[in-house]
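The following note sets out points on helix packing, cores and selected residues. Please read it alongside the sequence and the coordinates.

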Amino acid sequence: MENKSDISTENTDNDSTKDFMSIWDQFSNFLKELLNIRIGSDPKSTIEGIKKDIPFKGHTAWILIFSILIASIGLNTNSTAVVIGAMLISPLMGPILGMGLSIGINDIDTLRRSLVNFAVMVFLSILTAFLYFKISPFQTASSEILARTEPTLLDVLIAVFGGLAGIVAGSRKEKSNAIPGVAIATALMPPLCTAGFGLATGNMLYFIGALYLFFINTIFIALSTFIVVKYLRFPLAKYATAKKRKKVNRIVAIVAVLIIAPSIFTFKKIIERSFYEKEAGIFLDNYVVFNGAEEIKRKVDPTTKSIDVYLIGETVPESIILEWQKKIQENEDLLGSKLSIRQGQDKISELKTEMSKVKEGLLKDFTSQELNDKETEILILNDKIKHLEEEIAVHKNKTKEIPLLSLSNEAKINYPNIETISYAEVITSNFKQIDTLPVISAKWSKKTNSKTIKEEQKKLGEWFKYKLELDTIVVNEVP
């Protein structure tokens with residue numbers, strides 16, 4: 001006969017198991033309802049809606065032109081708000097969603113229309129931006145323009161998640177306002193405007209970089225649309241014969257490969273680039289540090305594996321630079337990289353160039369419409385300019401070697417009343433800029449009267465100017 005306590009324990013365990021399974025089933029059902037995008041989808045109206053937005057004719061073409069002009073003005077004036085406003089009214093998403101949809105449902109006619117209208121859209125957009133920037137008096141690349149000349153990993157991720165959000169929102173029975181947000185997030189229009197700017201100013205690097213960014217966004221938005229359409233099991237396009245259906249399937253498969261393969265390759269390259277830049281940044285922050293020297297700029301180029309660091313302040317000894325260069329070769333992720341440290345007496349011209357760039361950036365900030373948000377940055381830039389000017393003055397002072405001993409001996413022959421001579425270059429400031437001033441300090445014999453000293457000092461000054469090939473020199477009397 002079984003023990004009653006054992007039976008009671010077994011029943012309690014069974015009840016606990018049933019309760020746990022019930023809670024797990026409820027939680028699983030909650031997650032399915034929460035994350036299942038098939039619930040509430042409307043393939044038929046979604047297909048019709050995307051097909052409706054594909055063509056660029058009449059008013060749609062003009063809306064595109066006007067939105068491109070607005071975005072170009074926003075980029076030109078460095079106004080983010082204006083660029084966002086232009087993206088809100090832009091009809092750029094239509095043909096791109098059409099390409100992803102048509103590949104997903106094997107619709108060759110929609111694919112053909114999407115590609116034709118996509119080409120028209122790109123041509124019209126770049127032409128409009130080109131004409132605007134060609135006649136615009138402001139042809140300096142603003143920070144908004146420069147931000148669209150080189151794709152990053154973040155751009156790819158935004159395109160992927162933006163494309164997913166766009167097609168998921170568009171597939172609902174109850175349409176949401178997500179599409180305008182997707183247009184802003186994926187930022188299709190600014191790269192096209194930047195490409196037009198590159199053509200108008202003759203800068204092909206801007207043109208190619210911006211166009212590359214645009215096509216990356218396009219590919220990943222179309223790819224995201226294709227994935228969601230397949231997941232939601234949109235009905236495939238119907239054809240009259242099985243032979244035609246097979247032919248269409250082959251064409252669509254080829255186009256799908258042409259879209260997917262570059263996206264994988266591009267994603268891999270951008271991942272590698274981002275990883276290299278991250279590792280280079282960590283290395284510079286941890287190792288390229290010297291007391292008294294300040295980093296003002298760094299350039300990291302993953303393509304050529306070159307890392308340039310610009311320093312001001314104390315000169316870093318060559319032995320330490322060689323140690324840094326040796327250290328970078330010990331890093332497996334940075335193996336083969338070339339580390340260059342820009343500094344020292346022979347780099348005055350580079351310091352001046354960097355200073356002019358800082359000043360140029362400062363002037364751009366003054367022309368920006370966001371002056372209140374830039375006050376801190378302006379103060380930092382002013383401080384860097386001051387450091388650069390002082391560095392140039394110090395290096396100028398270091399580069400001049402005066403043969404004082406031979407000059408003083410010769411001066412003693414010409415001016416017997418001199419007892420001592422000192423030479424120095426004094427850094428002076430008029431509170432607007434700094435400069436170096438050569439100064440001669442002469443101590444005369446006590447037997448020499450003041451009139452003679454005055455005359456002799458004048459002659460001494462002229463003599464030193466001739467010997468040292470100077471335009472200006474100050475001669476002081478040492479009491």
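**Note on helix packing and cores**

1. Helix α3 crosses helix α6 in a right-handed sense (a crossing is right-handed if the near helix is turned clockwise from the far one by less than a right angle, and left-handed if anticlockwise). Helices here are DSSP runs of H or I with at least four residues, strands are runs of E with at least two, and both are numbered from the N terminus. From α3, the contact draws on A61, L64, I65, I68, L69, S72, I73 and N76, and from α6 on M121, L124, S125, T128, A129, Y132 and F133; contact means heavy atoms within 4.5 Å. These residues comprise 11 nonpolar, four polar and no charged (Ala, Val, Leu, Ile, Met, Phe, Trp, Tyr, Cys and Pro count as nonpolar, Asp, Glu, Lys and Arg as charged, and the others, Gly among them, as polar).

2. The model is predicted: local features need pLDDT of at least 70, side-chain atom pairs count only at pLDDT 80 or more, and totals for chains, interfaces and linings use all residues. Residues are numbered from 1 along each chain as its sequence is written, and side-chain values use heavy atoms, with hydrogens and water left out.

3. Axes are lines fitted to C-alpha atoms, for helices over the stretch in contact, and angles run from 0 to 180 degrees between N-to-C directions. Angles under 35 degrees count as roughly parallel, over 145 as roughly antiparallel, 65 to 115 as roughly perpendicular and the rest as oblique.

4. T128 belongs to helix α6. Its relative accessibility is 10%, so T128 counts as buried (under 20% relative accessible area, with exposed over 50% and partly exposed in between, for a 1.4 Å probe and protein chains only). Not counting residues up to four places away in sequence, T128 touches I65, I68 and L69.

5. A second pair is formed by α10 (residues 189–201) and α11, whose axes come within 7 Å and cross at roughly 160°. The two are therefore roughly antiparallel, and their crossing is left-handed. In α10, P191, L192, T194, A195, F197, G198 and L199 meet M204, Y206, F207, A210, L211, L213 and F214 of α11. The residues of this contact divide into 12 nonpolar, two polar and no charged.

6. The largest nonpolar core has 61 residues, of which M121 and M189 touch the most other members. A nonpolar core is a set of buried Ala, Val, Leu, Ile, Met, Phe, Trp, Tyr and Cys residues joined through side-chain atoms within 4.5 Å. Helix α11 (residues 204–231) gives the most to this core, with 13 residues. Apart from this core lies another, of 17 residues, including Y415, W444, L460 and V475.

7. Leaving aside neighbours within four places in sequence, M189 is in contact with S67, I68, A71, A86, M87, S90 and L92.

8. F283 lies in helix α12 (residues 242–286) and, at 2% relative accessibility, counts as buried. Beyond four places in sequence, F283 touches V288, W324, K327, I328, L334 and L339. F283 and W324 are 41 residues apart along the chain, and their C-alpha atoms are separated by 9.6 Å.

9. Overall, the chain has 17 helices and six strands. Of its 479 residues, 40% count as buried.
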